[in-house]
Amino acid sequence: MQRSALTSLTRSLTRRPVASRFQPSSLPLVAPRVRNLSSPATSSNYEYIQVSEPRPGVGQVTLNRPKALNALCTPLINELNAALTEFQSSPTVRAILLTGSQKAFAAGADIKEMAPLTFSQAYTTSFIESWSNLTTGALKKPLIAAVSGHALGGGCELALMADIIYCTSSANFGQPEIKLGTIPGAGGSQRLTRAVGKAKAMELILTGKSFSGEEAERWGVAARSFATYEELMEAALKTAETIAGYSKVAVMAAKEVVNKSQDLPLRDGVEYERRVFHSLFGSQDQKIGMKAFAEKKKAEWSDE
């Protein structure tokens with residue numbers, strides 16, 4: 001797209017109305033920018049997200065559709081997947097933080113994109129499947145979601161895909177799809193049920209009721225909640241930096257075995273954990289870590 005045309009399009013988009021919580025977003029479905037994925041991730045590469053490395057070993061993705069309250073659309077998801085792919089292959093990034101704005105993590109999916117779809121279109125194109133491409137196996141590095149403001153519908157589902165959720169106590173979570181004549185489609189009925197149990201998940205999904213960040217922590221959806229946005233971001237970055245300071249081999253193994261607990265019966269899960277535990281005795285970092293502990297020194301990890 002020529003610079004003049006892109007400028008004209010940007011001006012026209014910024015004059016359109018802001019999307020409400022459950023209304024179509026103001027931005028149309030457009031193709032993601034073509035770029036060289038081998039180059040370092042920078043915000044200039046993207047239209048709907050921003051990327052940075054704010055702390056040593058920490059990569060950050062910030063959803064950036066402020067006029068639409070970060071409503072999720074396919075171009076945004078394509079960019080998110082591309083950024084996570086780059087962070088996964090980055091030699092410097094060891095933990096990833098995903099966040100939005102103080103007002104909205106993501107206020108939902110783009111209704112304007114979904115409303116016209118027929119069954120055959122949604123089915124044959126595997127609509128929404130790509131939303132969890134990287135968070136369901138391909139992303140080996142820990143992903144922390146820092147949630148402030150609205151995390152509704154697809155936004156709640158995206159947060160639930162993270163390994164750890166931190167949130168403000170006033171954050172607004174929910175699966176309101178029933179109000180639109182549909183159901184969660186990006187894993188909400190599965191991940192939310194695993195987090196809060198069948199009865200509570202049924203209540204939330206069948207009524208479309210929202211729940212606060214304080215409730216999210218109490219119910220086990222979020223690991224921690226914080227009084228302010230500033231406290232949330234500082235704590236999320238600190239946790240990501242702490243994780244990034246450990247052995248990459250051990251961190252990946254720990255994430256793997258915890259995720260397996262969601263798929264396996266208890267006995268099988270314990271056996272799987274033990275096998276991975278045994279395998280780490282073949283790593284250099286296990287030797288380094290235990291030697292450093294015995295000598296009361298700081299471990300210098302080799303990631304081998």
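Which residue just after α13 takes a positive phi? That would be Lys 296, at about 55 degrees. The close-ups below take in this spot and a few others.

This is a predicted model, so to speak, with local features needing pLDDT of at least 70 and side-chain atom pairs counting only at pLDDT 80 or more, while totals for chains, interfaces and linings use all residues. Residues are numbered from 1 along each chain as its sequence is written, and side-chain values use heavy atoms, with hydrogens and water left out.

**View 1. Helix α13 (residues 284-294) and its buried side.** Helices here are DSSP runs of H or I with at least four residues, strands are runs of E with at least two, and both are numbered from the N terminus. Asp 285, Gln 286, Gly 289 and Ala 292 are the buried residues of α13 (buried is under 20% relative accessible area, exposed over 50%, partly exposed in between, with a 1.4 Å probe and protein chains only). They sit on the same side of the helix because their arc around the axis is only 140 degrees, taken from the directions from the helix axis to the C-beta atoms. Their packing partner is α11 (248-260), with contact meaning heavy atoms within 4.5 Å. On the face turned away, Lys 291 and Ala 294 are exposed.

**View 2. The largest pocket, about 1100 Å³.** Of its 34 lining residues, Met 161, Ala 162, Asp 163, Asn 259 and Gln 262 come closest to the centre. A pocket is an open set of points on a 1 Å grid over the protein atoms alone, where a 1.4 Å probe fits, with protein on both sides within 12 Å along at least five of seven lines; lining residues have an atom within 4 Å of a point. Grid points are joined across faces, edges and corners, and the volume is the space filled by probe spheres set on them. α11 gives the most to this lining, 9 residues.

**View 3. The second largest pocket, about 490 Å³.** Its lining has 25 residues, with Met 114, Ile 128, Glu 177, Thr 182 and Ile 183 nearest the centre. Elements giving two or more residues to this lining are α3 (111-114) and α6 (154-160).
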